[in-house]
Structure formats: structure tokens, C-alpha cells
Amino acid sequence: MNKNILAASAATLAMALTVASCGSSSDPKLNQKGATPDLPRVNETLVPAMKISPPAAWNGETPTVPEGFTISAFATDLKIPRQMLVLPNGDVLVAEGRGGGAPAVRPKDVIAGVIKKQGNTKIDGGNRITLLRDANNDGVPELRTVLVENLNAPYGLAWVDGYLYVAEQDALVRFPFQPGQTGIATPPERVTELPSRLNHHWTKAMTASADGTKLYVGIGSNSNIGERGLEVEEERAVVWEIDRATGARRTIATGIRNPTALAIEPGTSLLWSVVNERDELGPQLVPDYLTQVKDGAFYGWPYSYWGQNLDPRVMPQKPDLVARAIKPDYALGSHVAALGLDFARNGGFGGPFANGAFIGMHGSWNRQDPSGYKVVFVPFNNGRPSGQPVDFATGFLKDGKARGRPVGVSFDQNKRILLVADDLSNTVWRIAPRG
């Protein structure tokens, strides 16, 4: 942080916080979900509207789920649960931790940091992976143990062919591991380094290809729209394909600002991601999205959004690059902060939840009327999104306060349950058909 930012007085910060708490609300007439979202005009201000929902306890209550389902706390008192992995034997792995640490570069970054911190858990991240075992599927794990610890902000998880792969914030590592083990004593083997300069967006999402030969890793940008300089954005806002056997990698998608979760659509074996878009263009720009990650595609960041809509803040522009920017497949709404993605498999829960994607929405901080703070289901047909999203787990917001903030979601096709990691109440929730 430079000296001018450090010299900002408390009075100036307080005034800026007051300004940030004002601003226009969203227009409820705009439909920002689906393949053709409504995009309003740019509404850039000196200090964007910012509002975080302060934390509150559940006090014995639970999130709300559709009729015919039940929800319960599967594990509590975790240390910032992020992403999860269901192993072939039904054991559940939970990556816990907190990363990042990029310095602020503008006064508004300081303000945003203060506001966002108000909505975070106060505990330290575990930097570990916890194993939960519920062999009889009664919703109460009979075993809970730390599988491995002393990791560097673990996030993405995958198990393939006798190895557990972990995407830390600076490297992809692996451990020899077989389902059934309850501890790992061997040190990690580095498969490949991951871009970690600054780590403004530190989370490294990961999934394995359908045949297990490749690993896909999402690497977020180091800024909102390049304000740190584009030299620190080398191999950022990308998705890598990594050869599992050799560690060799190639970049398959660019301009994809912050791909926070990756998953394979089971009917087509194609790679999909949820992506957090840029901020500070207004309460309804730019919609976060769900998209198939297409090999060779450029998704616009930082020069354009939702295809070829120019971002006026980025100079110089690159019209040749913008000309080939593609539109994402499906808008989720602006600033919902989608962090979790998994697909229903083998008929899912049946009925309206038989085929589609479950998405965890962490919730907004930079608009006056909150968005996100829930889990939704996007129905699919023939491997593509089809229809409007359906609320699947709500109630994380109550009376303007946040009782929880969803992150990772994992569907267990054998037990027919959905697990939801909540990094505010430090809980993993379990959703199952009633009876």
C-alpha cells in the first residue's frame, strides 16, 4: 500500500464509508438470469455503493429447503470450510483455510476491505483438510478427523487413481491416498506451481476430467479491471488444463475473471465453471455467470463484459481481442458471488431436481440490496441450461443479517444428498429428501 493510502485519516475513511453506504438500488424489472440478461447502462461512481450483511447466529434455526426435503448441520465448528469432495466410499473431504494478502492500491480498496471484513467469520482458517464419515447415512458422522494439515490455503480437491490432488493458493500438490484412509503422513508432492504473485483472487478451483487424465484449475485475476498493472495479470483470469501424469499444462480459456468452481457436466463430460465478474459499474453490472469452459475461448476480461460490451475504465483498449470475446452461457445475477458448483447425477433428486447444476452463492458486498446468499438449482436439458434458476437453500439472510454464506456444494449420487459448505457459520449443511 502506498504512503498516500496509509496517510488517509480516520475522518476521511468514515466519510467514504458513509458515501459507500449510499447509492442506487437495483431495478427489479431487469431480468439478469439466463442466456440473455438485461444489461443496464454503466453507473460508475467515485466510491461505489457497498453494503455487507453483518453476521448473526442461527439460534437453533436452519436454512429453508423445498417441500419434501430436510436440512441439518452435518458438521459444525469448522475452520472456514470452502470446497468439498465426496470420495467413492462416501467419505467427505472438506478444504478449510483462508488465503490472499494482496495490498490495496486505491483508497476505495481500503474502504472495500473494511466493509468486506465485517461480513467474515472471525476465526482463523484451518489450512487443512477434514474427513467426515457417515457410513450409515443417518446424517450424523461417526468419524471426524483431520486428514492432513499445514497446507497453504487449500481450495480445489480431486481424487484420481490413488492420489488426492489439492490446489493450494501457490501450487497443485498430491498425496498417495486410498479411500478409507483417515490420515496422511507423507509430505505433499508438487505437481506444478500455480500463479501466486499477489493473489488478489487466491482461490484455485479444480476438477478432474471425466477420464481422469487431466486436471482443470481456475486461476482468478489479480485485480478488479487491471488497476495493478497488466504485468501482474500474466496467467491470471484463466483456466489451465494440466496433464495428470506429467504436470505439463496449457491455458484453455482466458479473460475469465475469477473462475471460482469447476465441474464436469455428466451427460456430455464437458467442463463448466461459475465465474465472478467485475465490480464498480453499478448494482446490476456485471452479472456473475455459469458457462461451459470452451477450449480457446476469450471471455472478455478486462476489456469487455458479456461478450463485446466495452468496459470504459480499461485503457488502452484492444479491439481485436474484444472482437472475439464470447458471451457466457448463463447469467446468475449481478454480484451474487457464485463460489460453488456441482451437477446432479444419476437422476439427482428426481422431479424438477433430476438434471442440472447446484450453485452456492456467497453473497454481495457492493450493492445496497443484497444478492446471492443462497443455493440455487439451474435445470439442464441435453447438457445445456434450460429455464430459470430455482431456489434450493435460502434463509441465510434474515432481518438484514447473514447467518451463513454458502461456498462449495457437493452432490452425493449414492446417498442422494447435497452438502453445502458455509464459511460464515463454519458449518457443512446436509440436504436430503424427507424420509
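This is a predicted model: local features need pLDDT of at least 70, side-chain atom pairs count only at pLDDT 80 or more; totals for chains, interfaces and linings use all residues.
A residue counts as buried when its relative accessible area is under 20%.

Asn426 sits in the loop between β30 (417-422) and β31 (427-433). Leaving aside neighbours within four places in sequence, the residues in contact with Asn426 include Ala75, Thr76, Asp77, Leu78, Lys79, Ile80 and Pro81, and also Thr121 and Ile123. Two of these contacts can be described in detail. The side chain of Asn426 comes to 2.9 Å from the backbone nitrogen of Ile80. The side chains of Asn426 and Thr121 are joined by a polar contact of 3.0 Å. Another asparagine, Asn346, lies 80 residues from Asn426 along the chain, and the C-alpha atoms of the two are 30 Å apart.

The next stop is a sheet. Four strands form an open sheet in the order β3-β4-β5-β6, and their pairing is antiparallel. At the edges are β3 (81-86) and β6 (143-148), each of which pairs on one side only. On average, neighbouring strands in this sheet are turned by 25° against each other, with direction ignored. In general, the strands of a sheet pair through backbone hydrogen bonds, in a parallel or an antiparallel manner. Inside this sheet, strand β4 (residues 92-96) and strand β5 (residues 128-133) run antiparallel and are joined by five bridges. Val94 stands opposite Thr130 of β5.

From there the reader can turn to Ser410, which belongs to strand β29 (residues 406-412). Its relative accessibility is 6%, so Ser410 counts as buried. A polar atom of the Ser410 side chain lies 3.3 Å from the backbone oxygen of Met84. Apart from neighbours within four places in sequence, Ser410 is in contact with Met84, Leu85 and Val86, with Asp342, and with Ile417, Leu418 and Leu419.

The last stop is strand β22 (residues 338-343). Six of its six residues are buried, so strand β22 is largely enclosed by the rest of the structure. Strand β22 runs antiparallel to strand β23 (residues 356-361), and five bridges join the two.

Key: Residues are numbered from 1 along each chain as its sequence is written. Side-chain values use heavy atoms; hydrogens and water are left out. Buried means under 20% relative accessible area, exposed over 50%, partly exposed in between (1.4 Å probe, protein chains only). A polar contact is a pair of N or O atoms within 3.5 Å; within protein, one must be able to donate a hydrogen and the other to accept it, and residues adjacent in sequence count only if both atoms are side-chain atoms. Contact means heavy atoms within 4.5 Å. Two strands pair if DSSP finds at least two bridges between them. Axes are lines fitted to C-alpha atoms, for helices over the stretch in contact, and angles run from 0 to 180 degrees between N-to-C directions.
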